Amino acid sequence: MYKKIGMLISLGLLIFTACTNQKQYFEESGTVFHTIYHIKYEGTELLTQKIDSEFQKFNLSLNPFNPNSIISQVNRNEPVEADDWFIEVFNRAKEVSDHSEGVFDITCAPLVNLWGFGFSKMDSVTPHMIDSIKQFVGYKKVKLDGRKVVKEDPRIMLNYSAIAKGYASDIIARLLEREGINNYMVEIGGEVTMKGVNQNGDCWRIGINNPEDDSTGIKNEVGEVVQLCKKGGVATSGNYRNFYVKDGKKYAHTIDPRTGYPSEQNILSATIVADDCITADAYATAFMAMGLEKARIAAKSIPGIEYYVIYSDENGKHQIEYSKGMLQYLPSRQHEALLNE
């Protein structure tokens, strides 16, 4: 009698274990680094604690709002050693700066603050103020000596905001892959790393919003969908609600760190597909600052990236341009391409 009960209990435990080990799709969301994240993945268990642990490690390395982070200590000129994550982001940022002729610059935050959001402080900015700040702005004025950050001027401050969200998405993706997960989508503040398929067995799809004349942020009309079936990153940088009109034409609110002055660029939205999200995030920002002509030229010399941009033409109308390789990620336009062959 006891043996039979024992066998039944053992059988029940086996059935329960088998059920709990079946793969299913999990969803996690929350806030991190002053933005929202969404994570979907196929696995056998929730990984909430491990994901939170990675976020905390990232927070102590690259979050400028955390006074105890490495980047905060660097900005205060305190003796601190950079960790592997800090070094990886620093080196990638320098690479993007080189490819963009310096318009992408992780030291330009003081200039952005000088002009204010949307150039709100434009009337108070003087050439003398710009020249003063330019003395400690420039990505070539800071370097790594092993794990030590060396500045030419102690007033130099680093800001990874244009690249950190994409890198954080990659960090969580790496965690998921270490856990044996092959189907996932990690989105942090609109920057996405993905691999495999969703719960319906389809490739992951990410929407690109149309630029809107709407300062409230209520309008979010999707104008295009990017579909990625391989592992990769997708990032969009856009001045959807942060542009100005001059002579009937829209321009992006972009500061050129090389001059210290606003740069009139016609790109309103830049979406990049790359092998990882840190690359996509950085070049989406860089393309916004470069403008269409220079971005088009730069894309030809940067391996592994494709672009989709929305820009304002000479009549102030929205136009679209995308690289040839981007077509494989735009299912709505592939039929048009076949008709034109």
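A nonpolar core is a set of buried Ala, Val, Leu, Ile, Met, Phe, Trp, Tyr and Cys residues joined through side-chain atoms within 4.5 Å. In this predicted model, the largest such core has 77 residues. This briefing begins with the cores and then turns to the cavity, a pocket, a group of paired strands and several loop residues.

**Nonpolar cores**

- Within the largest nonpolar core, the residues with the most contacts are Tyr-41, Phe-58, Phe-86, Leu-158, Tyr-160, Leu-176 and Phe-287.
- Helix 8, which covers residues 277-290, gives the most to this core, with ten residues.
- A second, separate core has 15 residues, among them Met-194, Trp-204, Ile-206 and Val-273.
- Phe-86, one of the residues with the most contacts inside the largest core, can be examined through its neighbours. Leaving aside residues up to four places away in sequence, Phe-86 touches Ser-61, Leu-62, Ile-70, Ile-71, Val-74, Val-149, Leu-158 and Tyr-160.
- Two of these contacts of Phe-86, Leu-158 and Tyr-160, are also listed among the residues with the most contacts in the largest core.

**The cavity**

- A search of the whole structure finds one cavity of 30 Å³ or more.
- The largest cavity holds about 50 Å³ of space.
- Its lining consists of Phe-90, Ala-93, Lys-94, Ser-97, Ile-106, Tyr-139 and Val-142.
- Helix 4, residues 84-99, gives the most to this lining, with four residues.
- By class, the lining of the largest cavity divides into five nonpolar residues, one polar residue and one charged residue.

**The second largest pocket**

- The volume of the second largest pocket is about 180 Å³.
- The residues that line this pocket are Gln-73, Val-74, Asn-77, Glu-78, Pro-79, Val-80, Lys-148, Val-149, Val-150 and Lys-151.
- Helix 3 (70-75) and strand 4 (148-151) each supply at least two residues of the lining.
- Strand 4 gives the most to the lining of this pocket, with four residues.
- The lining of the second largest pocket has five nonpolar, two polar and three charged residues.
- Val-74 and Val-149 belong to the lining of this pocket, and both are also touched by Phe-86.

**Strand 13 and its partners**

- Strand 13, residues 306-312, is mostly covered, since six of its seven residues are buried.
- Strand 12, residues 267-274, runs antiparallel to strand 13 and is joined to strand 13 by six bridges.
- Ile-267 has Tyr-311 of strand 13 as its bridge partner.
- Strand 13 also pairs with strand 14, residues 318-322, in the antiparallel sense over five bridges.
- Ser-312 has His-318 of strand 14 as its bridge partner.
- Five residues lie between the strands in the hairpin of strand 13 and strand 14, where Gly-316 takes a positive phi near 80°.

**Loop residues with a positive phi**

- Most residues other than glycine have a negative phi.
- Phe-33 is not a glycine, yet its phi is positive, near 55°. Phe-33 lies in the loop between strand 1 (24-32) and strand 2 (35-43).
- Glu-101 likewise has a positive phi, of about 60°, although it is not a glycine. This residue is placed in the loop between helix 4 and helix 5 (109-115).

**Exposure and contacts of loop residues**

- Is Ser-100 buried or exposed? Ser-100 is buried, because its relative accessible area is 2% and the cut-off for a buried residue is under 20%.
- Ser-100 is in the loop between helix 4 and helix 5. Not counting residues up to four places away in sequence, Ser-100 touches Ala-286 and Met-290.
- Glu-101 is in that loop between helix 4 and helix 5 as well. With a relative accessible area of 53%, Glu-101 is exposed, because exposed means over 50%.
- Tyr-261 is found in the loop between strand 11 (249-252) and strand 12. At 35% relative accessibility, Tyr-261 counts as partly exposed.
- Tyr-261 touches Trp-115, Pro-127, Ile-130, Thr-254, Ile-255 and Asp-256, not counting residues up to four places away in sequence.
- Tyr-261 and Leu-111 are 150 residues apart in sequence, and their C-alpha atoms are 8.4 Å apart in space.

Technical notes. Residues are numbered from 1 along each chain as its sequence is written. This is a predicted model: local features need pLDDT of at least 70, side-chain atom pairs count only at pLDDT 80 or more; totals for chains, interfaces and linings use all residues. Side-chain values use heavy atoms; hydrogens and water are left out. Buried means under 20% relative accessible area, exposed over 50%, partly exposed in between (1.4 Å probe, protein chains only). Contact means heavy atoms within 4.5 Å. On a 1 Å grid over the protein atoms alone, a cavity is a set of points where a 1.4 Å probe fits but cannot get out, and a pocket is an open set with protein on both sides within 12 Å along at least five of seven lines; lining residues have an atom within 4 Å of a point. Grid points are joined across faces, edges and corners, and a volume is the space filled by probe spheres set on the points. Ala, Val, Leu, Ile, Met, Phe, Trp, Tyr, Cys and Pro count as nonpolar, Asp, Glu, Lys and Arg as charged, and the others, Gly among them, as polar. Two strands pair if DSSP finds at least two bridges between them.
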